[in-house]
Amino acid sequence: MTETPTPTPAPEVVLSPLHDEHVALGATMTPFAGWQMPLRYAGDLAEHQAVRTAAGLFDLSHMGELHVDGPGAGAALDHALVGNLSALAIGRARYTMIVQPDGGILDDLIVYRLGDEAYLVVANASNVAVVRDALAVRLEGFDASLTDRSLETALIAVQGPRAAEIVTGLTDPAHVDAVRDVRYYAGMPATVGGVEALVARTGYTGEDGFELFVPADAAPGLWRDLLAAGTPLGLVPAGLSARDSLRLEAGMPLYGNELDTTTAPHDAGLGRVVKLDKTGPDGEPLPFVGREALAARAHATPSRVLVGLVGSGRRAARHGYEVVASTAADAVTVGRVTSGAPSPTLGTPIAMAYVTPEVSAVGTELAVDVRGRREPVRVVALPFYTRA
Amino acid sequence: MSDFPSTLQYTAEHEWIDSAEPATVGITQTAADALGDIVYLELPTVGSEVAAGAVVGEVESTKSVSELFSPVSGTVVEVNQSAVDEPSVVNSDPYGAGWLFKVDVTSAGTLLSTDEYAALATD
């Protein structure tokens, strides 16, 4: 009797360790990068406003957690990424990118240095496999190991002006002062709600806030504790819809919108993350992946510039819409919108767009083609919103 | 799950219509829920001619935007200005205070019964 070969299973939808919590809260779920994630709970606007005025609780368990460990971990990441990660202090975090040899962005990342020989690379859900595979290749020859802990790690974010109060309220007394004082783009291990967590002061909303990396099986209890502790202070669970409108107001790029493999960091106004001058152990310039292409980009005149646009009307430009020179019917195309929405905080349409350098100066009057009608917009400095 | 009032007819584009003259048009709870919090309505102007199946306006939320189709042909006789001023009423009461416009109907387009629309909307 012969065994029938097992057919390759179809890719399954991954459920967050917090899935049952979302269902119990009545969330509208949406497929996102192979996961089922909460799009909204009570409503996009209320969630957005809660984060601006009190706090929001986000499930970000779909994000990828890739651990790079070993004596050569720092050098390996210096080679693999555009940033200078060996110079990162223990307990600090850095926004960085992984690019193709031609400089095109594979993903934008936050890298945490957890120890002398321990790094955590946090990747976008849609790019975890790409980043993992690229890192595996780029780590060859270095004394460093790569472990994908995405599925066993849950990520819960508490964002908003009341976030510190809520998180420290649940923090082990031995860690309260340290957690309260942890700086932006830094993280530390702490016990929160009885759970061993990596507590990081990072976020994607433009507000103060924390991101808590915890074991997946401990996430539901911590989620409920945060909800219970935060609700009296105005905290509400917030979904991906609010997350998107919050990050857009904060002028933060989203992979797939502002960033992709045809875009170099400099195009997105993020040339500062590229450390062309980082050196290897021998003091020689380090030939990291993408260095040659990015060195050329650093000195070249860009063909397009990422700008902010604010509309004076009501109709919002959306991802993919054309930017044109004026509202005239024969106005030429000067760019394309990457993200756009009616801003809940500003009350006007906002958008990010790539435009030609000639029309990128703040104050330039342009227009966007919103489903066949040209709506006036003005170039503004990013971000659209800065917390007081 | 949404309820679909049996006194109304529907379109595949998620509008409802109450055929009592003049006919009243709105979007369904299903459409409003899918959009999220509605922040902007663009409605046809009073006196304009609308054609069944044609785009006559837009319904916009922070997350997305949807075109508004007229289920019938005729002349717009009234628009819901209070919904334009406070679009959240379309989320909270899409079949009542969140109605959008009224039409003197000259001819109806392809309309769905409650059961037909419920099958489509809950598919």
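This is a predicted model: local features need pLDDT of at least 70, side-chain atom pairs count only at pLDDT 80 or more; totals for chains, interfaces and linings use all residues.
## Extent of the interface

On the chain B side, 16 residues are in contact with 18 residues of chain A. The two chains bury about 1,400 Å² between them, and carbon and sulfur atoms give 44% of that area. Of the area that chain B buries against chain A, 40% comes from Asp37(B), Thr62(B) and Lys63(B), more than from any other three residues.

## Polar and charged pairs

Six salt bridges are found across the interface of chain B and chain A. One of the residues involved is Lys63(B), which forms a salt bridge with Asp244(A); their closest N and O atoms are 3.9 Å apart. Between the two chains, 13 residue pairs are in polar contact.

The side of chain B that touches chain A draws at least two residues from each of helix H1 (29–35), strand E4 (38–42), strand E6 (55–61) and strand E7 (65–69) of chain B. By class, this side has seven charged, five nonpolar and four polar residues.

## Strand E4 of chain A

Strand E4 of chain A spans residues 55–59, and five of its five residues are buried. In a regular strand, side chains alternate between the two faces of the sheet. Ala55(A), Leu57(A) and Asp59(A) lie on one side of E4(A), with Gly56(A) and Phe58(A) on the other, and both faces are covered.

E4(A) pairs with two strands of chain A: E14 (residues 235–237), parallel, over three bridges, and E10 (residues 153–159), antiparallel, over four bridges. Ala55(A) has Leu235(A) as its bridge partner in E14(A), while Gly56(A) is partnered by Gln159(A) in E10(A).

Terms used:
Residues are numbered from 1 along each chain as its sequence is written. Chains are lettered from A and ligands numbered from 1 in the order in which they are written. Side-chain values use heavy atoms; hydrogens and water are left out. Contact means heavy atoms within 4.5 Å. Buried area is the accessible area (1.4 Å probe) that two parts lose on being put together, summed over both. A salt bridge is a side-chain nitrogen of Lys or Arg within 4 Å of a carboxyl oxygen of Asp or Glu. A polar contact is a pair of N or O atoms within 3.5 Å; within protein, one must be able to donate a hydrogen and the other to accept it, and residues adjacent in sequence count only if both atoms are side-chain atoms. Ala, Val, Leu, Ile, Met, Phe, Trp, Tyr, Cys and Pro count as nonpolar, Asp, Glu, Lys and Arg as charged, and the others, Gly among them, as polar. Buried means under 20% relative accessible area, exposed over 50%, partly exposed in between (1.4 Å probe, protein chains only). Two strands pair if DSSP finds at least two bridges between them.
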